[in-house]
Amino acid sequence: MRYEIVNLTNKLIVIILFFVSVAAASDSAAAEQGFFSKNWQILSDNVSQTWHAPEHYDLYVPAVTWHARFAYDKEKTDRYNERPWGAGFGQSRWDEHGNWHGLYLMAFKDSYNKWEPIGGYGWEKTWRPLADDNFHLGLGYTLGATARDNWKYIPVPVLLPLASVGYGPATFQMTYIPGTYNNGNVYFAWLRFQF
């Protein structure tokens, strides 16, 4: 039963990433290009614009690491660190559609209480469902690289879903790292303060 739940969770994450990437690629100006070349061009343009013309600078404060109890043996979760002390810095912008783009570098204490750096580009489709435009919800992805002590700090690429809820310059942003039984399947969240 636990293995089925883990597999179902991983499939849902892949489906969400697929639909988010399709939504991000809906730029009509690049309609004649192929799917991959169009998406690559959109991604590189967004990264370049966020790097060269940021609107804000961001402070990242890791807040929660939670190992999905349905995907782990209790003796493992009892040993793991779930307080990811650390910090990060980034720069970001809001595009003409109100969507968020960010470049970031963060370091935090991983499950084994060792330092783990992560950096990359994040994108979120943003909704402002209330009359108060300061309240916002986001759903998107992050693309980057991380390195861990138990992997001898060899850089590993990451493509993960992002979700957020925020008010004004403060945003609670989160991801889920899929995996197999007793590996991965981690909810990771942080606070992002925009200046």
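**From a surface patch to a charged network**

Modeller: Leu191 is partly exposed, with a relative accessible area of 32% (buried means under 20%, exposed over 50% and partly exposed in between, with a 1.4 Å probe and protein chains only). This is a predicted model, in which local features need pLDDT of at least 70 and side-chain atom pairs count only at pLDDT 80 or more, whereas totals for chains, interfaces and linings use all residues. Residues are numbered from 1 along each chain as its sequence is written, and side-chain values use heavy atoms, with hydrogens and water left out.

Leu191 sits in strand β8 (strands, E, of at least two residues and helices, H or I, of at least four are DSSP runs numbered from the N terminus). Together with Tyr57, Leu59, Phe89, Phe193 and Phe195, Leu191 makes a nonpolar surface patch of about 580 Å². Such a patch joins nonpolar side chains (Val, Leu, Ile, Met, Phe, Trp, Tyr) within 5 Å, and like charges within 9 Å, from residues with over 30% relative accessible area and no salt bridge; the areas come from the Shrake-Rupley method with a 1.4 Å probe, and for residues only the protein chains shown count as cover. At least two residues of the nonpolar patch come from each of β1 (56-67) and β8 (186-194).

The charged side chains come next. The model has four salt bridges, each being a side-chain nitrogen of Lys or Arg within 4 Å of a carboxyl oxygen of Asp or Glu. One of them joins Arg148 to Asp110, with the closest N and O atoms 3.8 Å apart. Arg148 belongs to the loop between β5 and β6 and Asp110 to the loop between β3 and β4, so this pair ties together parts that are 38 residues apart in sequence. Arg148 also meets Glu116 in a salt bridge, at 2.9 Å from N to O. Glu116 lies in strand β4, while Arg148 is in the loop between β5 and β6, so here the parts tied together are 32 residues apart in sequence.

β4 (residues 115-127) runs antiparallel to β5 (residues 135-146) over 10 bridges, and Lys125 stands opposite Leu139 of β5. β5 in turn pairs with β6 (residues 156-167) in the antiparallel sense over 12 bridges; there, Thr142 has Leu160 as its bridge partner.

Lys74 and Asp78 meet at 3.0 Å, N to O, and both lie in helix α3 (residues 74-79), four residues apart, about one turn of the helix. Lys74 is exposed at 58% relative accessible area, and Asp78 is exposed at 52%.

Terms used: Two strands pair if DSSP finds at least two bridges between them.
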